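Q: Could you walk me through how to read contacts, helix packing and sheets in a model like this one?

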Amino acid sequence: MNGKPRIGVYVCHCGTNIAGTVDVEEVVKFAETLPDVTVARNYSYMCSDPGQALIVDDIEKAGLNRVVVASCSPRMHEPTFRKTLLSGGLNPYFLEMANIREQCSWVHPDPIAATEKAKRLVEAAVVKSRRLEPLDAKEVDVEPSCLIIGAGIAGIQSALDIADAGFKVYLVEKEPSVGGHMIQLDKTFPTLDCSACIMTPKMVDVANHPNIELMTYSQVEEIGGYIGNFDIKVRKKSRFVDIDKCTGCGICAEECRMAGRFPNEFDENMGMRGAIYMPFPQAVPAKYTIDKESCLFLTKGKCGESPKCKDACQAGAVNFDLEDEIVEFKVGTIIVATGYDVFDARLKPEYAYGVYDNVLTALEFERLVNASGPTGGKVTMIERGKKKKKKGAEEEAPKVPESITFIQCVGSRDKSVGNEYCSRVCCMYTAKLAHLVKDKVGHDCEVTVFYMDVRAFGKGFEEFYDRVRREGVKYIRGNPSEIYKKGDKLIVKAEDTLTSTPLEHETDMVVLSVGLVPRRDNREIIDLLKLSQTSDLFYMEAHPKLRPVDTASDGVYLAGVCQGPKDIPDAVAQAKGAASAAMIPMASGKVKVEAQTSFVNEDTCRGCGFCVELCPYTAIELVEVNRMGWPVKVARVNEALCKGCGACAAACLSGSIQQRSFKDWQLLPQIEALGVK
Amino acid sequence: MAENKDFEPNIVAFLCNWCSYAGADLAGTSRITYPSNVRVIRVMCSGRVNPLFVMNALQQGADGVLISGCHPGDCHYMHGNYYARRRFNLMRNFLEYLGVEPERVRMSWVSASEGAKWKEVIEEVSEGIKKVGPMDQFKRRQLNW
């Protein structure tokens with residue numbers, strides 16, 4: 001196979017994508033003059049079956065042993081053409097690509113300049129291909145288990161699918177309970193399914209499934225290794241409650257001296273909890289947790305005579321000596337399903353969120369209409385920070401709002417806060433909440449929605465939007481400029497842009513339809529897994545169209561809103577996609593690892609150890625060898641650990657360590673071809 | 001060095017596979033046009049760029065060299081881009097010592113989603129090198145006895 005290079009050069013037209021700008025005939029003529037080029041051809045679509053057949057045919061008939069394809073980016077079709085070489089009986093690493101589409105024809109409209117550049121790129125590829133060497137992609141075993149980070153609806157769905165298929169799942173959730181944002185919701189649009197009713201069975205399933213190891217109140221601390229063999233370290237935060245003994249009876253929470261003193265995060269801080277709490281009644285696991293930030297005993301070291309929760313617990317589950325536990329395990333694949341945060345409405349000061357009690361975010365309002373929420377599902381006017389009345393004093397019945405106004409696109413489609421994207425769920429959840437107001441508060445409650453555009457694109461969405469308008473919800477097109485108070489009422493200042501009429505709309509309560517934003521702590525996962533972000537700062541998929549659940553890191557997949565805003569059915573669909581993608585390597589049991597690894601020429605290595613210090617994966621170590629009777633130290637690469645970055649090759653003083661396919665010797669002719677005037 | 005108005009610099013760029021090369025591809029997919037005088041060599045990580053490559057490119061006649069990698073903290077290989085940055089800084093001193101304008105060698109961070117930034121970088125680098133003029137320090141000069 002080696003011996004004198006016989007190179008085939010294939011210039012792709014890509015329809016008119018390339019040929020419309022680059023003179024492909026001229027590039028072929030030029031390629032024929034290059035050293036060792038045996039055949040040079042152009043073809044309309046090299047990636048098509050006949051295009052690939054052309055290459056296979058030439059390998060067989062013209063005895064090619066190197067192939068240069070000048071077409072799109074190697075990030076697109078390198079795997080395709082590698083397979084072509086393989087089917088022609090050639091080692092797939094004898095391929096070199098020249099990117100004359102993304103980095104030439106599409107960006108340089110001038111045909112002469114583009115053709116000139118294409119020639120240079122082809123020349124560089126040809127001269128590099130002369131020095132290519134055959135490589136062997138090694139196979140490693142895949143651990144038949146998956147780590148899923150985040151137990152919202154996406155993480156839960158992925159976990160159930162993978163566990164049902166018979167693989168082990170480690171499901172890690174930061175909060176004390178699984179469920180994520182979906183369990184906070186009251187109803188789901190457009191079918192008005194009760195969110196808890198469809199969610200809780202799944203939550204219970206993940207807790208009981210024999211193949212799922214559920215770790216709540218836990219955080220992934222370290223991830224090492226590579227596809228098939230990730231090493232995971234998880235910190236199980238101490239709840240100060242023995243989860244095996246706790247029966248979830250709740251007597252401790254009633255007894256807690258701090259009961260009702262702290263805002264409950266699950267209720268978007270609308271309701272109150274004590275220092276020992278269960279975030280919501282359907283929590284899974286149904287166990288209590290002591291918040292060490294608010295517990296008297298844990299912060300002050302003293303809680304009356306003795307902690308009341310501990311005294312009250314008949315099961316003896318409360319234990320203040322419990323410590324964080326570190327768990328280590330191995331998995332083959334990882335799914336990231338960390339979800340989102342809602343937009344911080346304080347960043348739009350004109351809406352006076354945080355200033356007026358009755359300006360709420362939609363998620364807060366969602367808790368307000370929810371039967372398990374702080375008001376038991378009654379929509380009432382809010383008085384924040386109201387002191388609890390003394391026992392015995394008669395509670396005044398809270399007022400019910402007579403009119404509620406929704407403002408859409410708060411923090412979405414808004415360059416002024418840096419979010420250009422549409423959050424995709426707000427139009428519909430607003431319609432749903434508007435319907436719930438009519439349903440629960442009564443038809444007399446006046447509901448107005450200020451909107452920019454209504455995007456009712458999904459299955460059943462437009463019909464639902466129609467229904468809500470028929471129910472008497474008033475839609476006004478216009479983006480309010482200000483909210484202020486006049487007497488007891490809030491005034492929403494806006495312009496009806498359909499009639500060009502400025503208006504000052506009087507209302508009792510304003511609900512801001514806040515958009516979805518990347519989690520504020522999403523840096524933690526980026527640092528663990530080296531994920532990329534798109535410009536909206538959500539995690540980036542490997543390809544926006546064709547690999548929407550994969551990431552640039554093999555064996556790591558995305559599910560749910562962490563990849564970009566989506567509604568529940570889309571999140572579930574993506575979660576199922578991620579689960580099936582993760583099951584591919586686990587089911588086959590083997591996966592090919594990086595072949596373009598580094599290796600050491602032990603005859604010239606002087607054992608200085610620079611590379612050992614540089615290697616980010618500790619893949620290089622110094623070993624003692626016998627050199628002509630003398631024991632000397634040389635570097636040696638563990639190829640299973642090497643990921644092929646080449647940092648060692650750039651640092652080696654003697655050029656002894658080199659990266660396969662990116663050796664100095666292979667890159668220098670490429671530099672020469674491109675550098676020369 | 002005399003500034004030549006018609007001078008179009010020839011720039012060799014080393015891009016890492018995961019961020020900058022993908023960013024340059026995105027510029028293509030989004031049809032963002034930029035000067036054609038940049039020729040790209042793909043390496044897996046900007047940390048692979050041996051200073052030798054840069055010197056070699058200048059020696060071959062390139063007027064400028066660009067090294068581009070992932071943003072700090074985002075390197076696909078943990079910290080290859082930091083190695084690249086450190087080498088780059090040392091190399092600039094060395095270039096100055098050799099009598100080559102350090103401005104010829106540039107470094108940038110372009111992520112996979114920054115197609116528009118890639119264009120900005122190219123235009124800026126191209127303008128900068130135009131100001132410095134053609135690279136002829138390494139050419140054999142006719143000795144004038």
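A: Gladly. Let us start with what a contact is here: two residues touch if their C-beta atoms, placed from the backbone, lie within 7 Å. Keep in mind too that this is a predicted model.

Q: Which residues does A:V126 touch, leaving out those up to four places away in sequence?
A: With such sequence neighbours left out, A:V126 is in contact with A:I7, A:V9, A:A31, A:L34, A:V37 and A:V68. A:V126 itself belongs to helix 5 of chain A.

Q: Is A:V126 buried or exposed?
A: A residue counts as buried if 20 or more other C-beta atoms lie within 10 Å of its own. A:V126 has 26 other C-beta atoms within 10 Å, so it is buried.

Q: How should I describe the way helix 5 of chain A packs with helix 18 of chain A?
A: The general idea first: two packed helices are described by the angle between their axes and the distance between the axes. In this model, helix 5 (residues 111–129) and helix 18 (residues 664–675) of chain A pack at about 155 degrees, and their axes are 8 Å apart. Because angles over 145 degrees count as roughly antiparallel, helix 5 of chain A is roughly antiparallel to helix 18 of chain A. The crossing of these two helices is right-handed.

Q: Which residues make that contact?
A: Helix 5 of chain A brings A:R120, A:E123, A:A124, A:V127 and A:K128, while helix 18 of chain A brings A:Q666, A:P669, A:Q670, A:A673 and A:L674. Sorted by class, the contact of these helices has five nonpolar, two polar and three charged residues.

Q: Now for sheets. What strand order does the open sheet of five strands in chain A have?
A: In general, strands of a sheet pair through backbone hydrogen bonds, either parallel or antiparallel. Here the order is 10-7-6-18-29, with parallel pairing. Strand 10 (212–215) and strand 29 (556–558) of chain A are the edge strands, each pairing on one side only. From one strand to the next, the twist averages 20 degrees. For a detail, look at strand 7 (residues 168–172) of chain A, which is joined to strand 10 of chain A by four bridges; A:V172 has A:M215 in strand 10 as its bridge partner.

Q: Which strands does helix 6 of chain A lie across?
A: Helix 6 (residues 153–164) of chain A lies across strand 6, strand 7, strand 10 and strand 18 of chain A, at about 165 degrees to strand 7. Helix 15 (residues 568–588) of chain A lies across strand 6, strand 18 and strand 29 of chain A, at about 170 degrees to strand 18.

Q: Which way do the side chains of strand 2 of chain B point?
A: In a regular strand the side chains alternate between the two faces of the sheet. In strand 2 of chain B, B:V38, B:V40 and B:R42 point one way, and B:R39, B:I41 and B:V43 the other way. Six of the six residues of this strand are buried, so strand 2 of chain B is largely enclosed by the rest of the structure. Strand 2 of chain B pairs with strand 1 (residues 11–16) of chain B in the parallel sense over six bridges, and B:C16 stands opposite B:V43.

Q: Finally, how many residues does each chain give to the contact of chain B with chain A?
A: Chain B supplies 43 residues and chain A supplies 43 residues. On the chain B side, helix 1 (20–29) gives the most, with seven residues. By class, that side of chain B has 22 nonpolar, 15 polar and six charged residues.

Key. Residues are numbered from 1 along each chain as its sequence is written. Chains are lettered from A and ligands numbered from 1 in the order in which they are written. This is a predicted model: local features need pLDDT of at least 70, side-chain atom pairs count only at pLDDT 80 or more; totals for chains, interfaces and linings use all residues. Ala, Val, Leu, Ile, Met, Phe, Trp, Tyr, Cys and Pro count as nonpolar, Asp, Glu, Lys and Arg as charged, and the others, Gly among them, as polar. Axes are lines fitted to C-alpha atoms, for helices over the stretch in contact, and angles run from 0 to 180 degrees between N-to-C directions. Angles under 35 degrees count as roughly parallel, over 145 as roughly antiparallel, 65 to 115 as roughly perpendicular and the rest as oblique. A crossing is left-handed if the near helix is turned anticlockwise from the far one by less than a right angle, and right-handed if clockwise. A residue is buried if 20 or more other C-beta atoms lie within 10 Å of its own, exposed if 12 or fewer, and partly exposed in between; C-beta atoms are placed from the backbone. Two strands pair if DSSP finds at least two bridges between them.
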